[in-house]
Amino acid sequence: MNRPARGRYRVAIVGGGVVGLFTAYHLARAGAGPIVVVDRGFLSSGASGRNGGGVRQQWETAATVRLARESVAAWRRFGREFGFNIWFRPGGYLFLAGTRDELGRLAEVHRVVAGEGLPAELLDRDGVARHADGLSLDGVVGGTFLRSDGTLYPFPVLWGLSETLRSLGVELLYGVEATGLRLEDGRVTGLATAAGPIEAAAVVNAAGGWSAEFTRRAGLVAFNEARRHEILATEPLKPFLDPMVVRLSDGLYFSQTMRGEIVGGLTVPHPPGTAGGMSSSPEFLVRMARALTGLLPRVRGLGILRAWSGYYDENPDGLPSIGEDPRRPGLFHANGFGGHGFMLAPASTRRVAQAVLGEPTDLDPAQFHPGRFLDAHRAAPAEGLTLG
Amino acid sequence: MGDAPRSTVRFRGRPLSLPRGATLVQALVRGRLPILQRSIRYHRPRAPSCGTGACSQCLVRVNGRPNVRACLYRPATDDVIRTENAWPSPEFDLFGALDAVFPRGLDTVHGFRRPAVFAPLYHRVIRRLAGFGRMADTPGPTPPPGRTVPTDALVVGAGPSGRAAAQHLASAGRSTVLVDRGSTGDPLPGVTAYDTTTVVFLPPPLSGGERPFRAIAVRDGGEALRLAARTVVVATGGYDGPLLFPGNDRPGVMTAEGALAFTPPGGDPPFRRALLVGGGPRAAELLDAAGAHIEAVVAPTQIAPTVVGRASALGIPLYPRTLLLAAKGRHRLRSVLLRRRGEGAPFSLEVDAVVLAHRRLPQPQLFFQAGARMAWRSAGGAYFPVLTDGATSVPGLFACGTAVGHPDRADAAASGVAAADAALGRTGAPAGGPTLVPDGPPHELEGYYRELLDGARRRGKWVLCPCEDVLLREVETASRGGYRGIEVIKRFTGIGTGLCQGRYCLPDALLLLAILEGRPPSDVGYITQRPPVVPVPLGALAELPDAPEAA
Ligand SMILES: Cc1cc2nc3c(=O)[nH]c(=O)nc-3n(C[C@H](O)[C@H](O)[C@H](O)COP(=O)(O)OP(=O)(O)OC[C@H]3O[C@@H](n4cnc5c(N)ncnc54)[C@H](O)[C@@H]3O)c2cc1C
């Protein structure tokens, strides 16, 4: 088993997915001191190695639009900064509305996004047709489109981060489970792990779909919960689809990857928690096949190559938790990202690092602070555009 | 075949007359295989190879539909058939220059980053290389409506063991469905048989309920079935495994299954003088089927007496314990370079094909999908389900035949009966201990590969994963860079993510990674076997009714 090289660290991070690694990166760049990342799986075993690679800046809440826009800039730089090609391709995100109500919702999204200075387009049916070939427009009344949204290839992000972190002296311990916190007078002094205790002045919970489990292991009530989310890839075809397409009514989304596969998913209800495992269900395959062939009839003869699943880590208000847990000084949260933790990681984790270092962040505590769910009367805007 | 009924199709713009009922590949074989495809990254010429529709080497476009497997497809009159992914043709493809321009491969993980202003151009170029066919011209016909088929017992695979199991279950009064991706053979009393039906997904059983298994199958012609069964017997058999050497993807390198499938009924095999690789029962079968066209027999290890006997009778030279160093030829295979293990100088043989019959591997996907406990057996170099008297660790799921390690036909039938007995609750069947294949010393190919890689001059491309054109070199580089375990290597290099979903790279990759990582193959891990077993058309699944309630 991997073992920590030293007895004491400034920060111990639970979870070596994109959120944990990017947090470590910002901390290391800020010269925070010795940092260790523990992960019970292997690099890419969590949601960070199982997602659709979608990157969008169209949101209902302005704060999320800003995090997304800053992250897009980071994705554009990533190849130069980390030495790996992540194939970020701005093919746009095309949201589809099937009813006047849905279009009204998208108009509101459009207003927020345009208000942040991004050139999103509000589309009627013909406008939708201009952005994607071959869609069946029965049941489509309009949509929105933003060209600078797009897709990336998640794996090289993880390779680039982990290699860079190693060269910065950050310890990455895969195959090591964090079993709880070590406390003194109610304050965090370190981490209990399967490889023995690790002393650390701060612990970051970046355990993705398992972060609620870790919060509970720390003896606290968790407000987020894991939901299994399924996805599939088809046989590869020559390029024919540029944008990521997302349908509001059922959460259907799909794009064509650099490798030519159509990768997409759909919301199929699963009971919360991680007990069910990360397998695929026949219900998903059938519903996804119906939805996809309905919207894009020419894929009817196209083969499904493989299906898999992972966990969305969902907060009740659709926004992540970033900052220190008021119930346990020294425990910081970087979780609750739902289906969007990959795209938002670069900017969000910069705020996590700031919080760990005791610096102020520009985030509204009512929207992002982990303590917000303790306040029954809070009234901050929630993020409702959480599908796709 | 002179006056057998024939159909006329348009193949690459010209009329082609072919015997009705033949597969497209059989119809195109003229003493050698047609080159129908180019590989995905380097546009290397590719000819059909696996004969089971699993690999990516015979995809053609039929009536405006991409990615049709020519080795399985039986053309109908007036079909319009074209090739894909090559210009002007798969034999002479201008993109083939990529292969020569990038002799050490193309690094898409680190490369193509600078200058940043070129990113859109790189994206366009690399995207164009991706994929085999273009999107379908039209949606095509709506597939027939799917349906649910309830049964007591479902038997998957109609080889000797599956047929024996089905017969035994039916004679005990159980309603029994027998499916096979090919033919189910002669009718069996009381058994409902479905030919050309592939079970693509066997989820773990539902808890409670009359019929806890809900397997999904797809039939030729696009009909989807939901097979609701109380008991499932998996008898999915085996397939002929890969062998790695430079030029292992050249037109003319094929599996034993391929060699048999490409031979037209009553016709000649798809080669004139082939090198047969293997020294066991499978090699003996090939000698029986195509002995007149076998130039020599080589085996990574020993050659069994039955093979020696047959080959000697035909005057075919034998080379036991021999390394296959390279397959040569500009396009098609012209010769192979061999060397006795441990000694001697390399020598070459002029052959136009290499037939791989050295290794029979189990088809384990359904066991993995259903959540059965599996065990690595180094003797078989593969994972097998852990069995107790024909029963897997999943209640209601039983297994028999080659899929669990019964090598020959007589044993296989007996194992089918034993599995059926276990399913019927009759214990005391003589199927033996927890697994049939003993664990033991490392698989013989591990030593073979150690010797092959040790000091070998690396000339030419060693295509470890032909579907995605991933080179051995890339895996070695990743491994040296600290990426460990098959799951990480898969995501880093893309091996095992192509059309065959790892069938033709994973078995070798496990052995090679074991060597590179200095630990046993069982510690290297395994790729999660994701559904479906073979690609299923979206349209077929879309027609499936919603699942009936569990209870
Ligand atoms: C199918 C699917 C599609 C998605 N599509 C998109 C998309 O298109 N765009 C997008 O931005 N996002 C998408 N997401 C969401 C995105 O993948 C996640 O939000 C993001 O990867 C979360 O990163 P993470 O590092 O927090 O979690 P993970 O990558 O899951 O990492 C958490 C890590 O914590 C480790 N861990 C857990 N518990 C412990 C413990 N006790 N001790 C030690 N280690 C532990 C795990 O092993 C794991 O490696 C998708 C998610 C899924 C499942």
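A polar contact is here a pair of N or O atoms within 3.5 Å; within protein, one of the two must be able to donate a hydrogen and the other to accept it, and residues adjacent in sequence count only if both atoms are side-chain atoms. In the predicted model, local features need pLDDT of at least 70 and side-chain atom pairs count only at pLDDT 80 or more, whereas totals for chains, interfaces and linings use all residues. Residues are numbered from 1 along each chain as its sequence is written, chains are lettered from A and ligands numbered from 1 in the order in which they are written, and side-chain values use heavy atoms, with hydrogens and water left out.

An oxygen atom of the ligand lies 3.1 Å from a polar backbone atom of V18(A), an oxygen atom of the ligand is 3.0 Å from a backbone N or O atom of V19(A), and a nitrogen atom of the ligand is 3.0 Å from a polar backbone atom of R40(A). The protein buries 98% of the 1000 Å² that the ligand exposes when taken alone (Shrake-Rupley method, 1.4 Å probe). The shell around the ligand holds 40 residues (those with a heavy atom within 4 Å of it), the closest being D39(A), S48(A), A178(A), G341(A) and M343(A).

In chain B, Q57(B) counts as buried (under 20% relative accessible area) because its relative accessibility is 6%. A polar atom of the side chain of Q57(B) lies 2.9 Å from the backbone oxygen of A47(B).

Technical notes. Buried means under 20% relative accessible area, exposed over 50%, partly exposed in between (1.4 Å probe, protein chains only).
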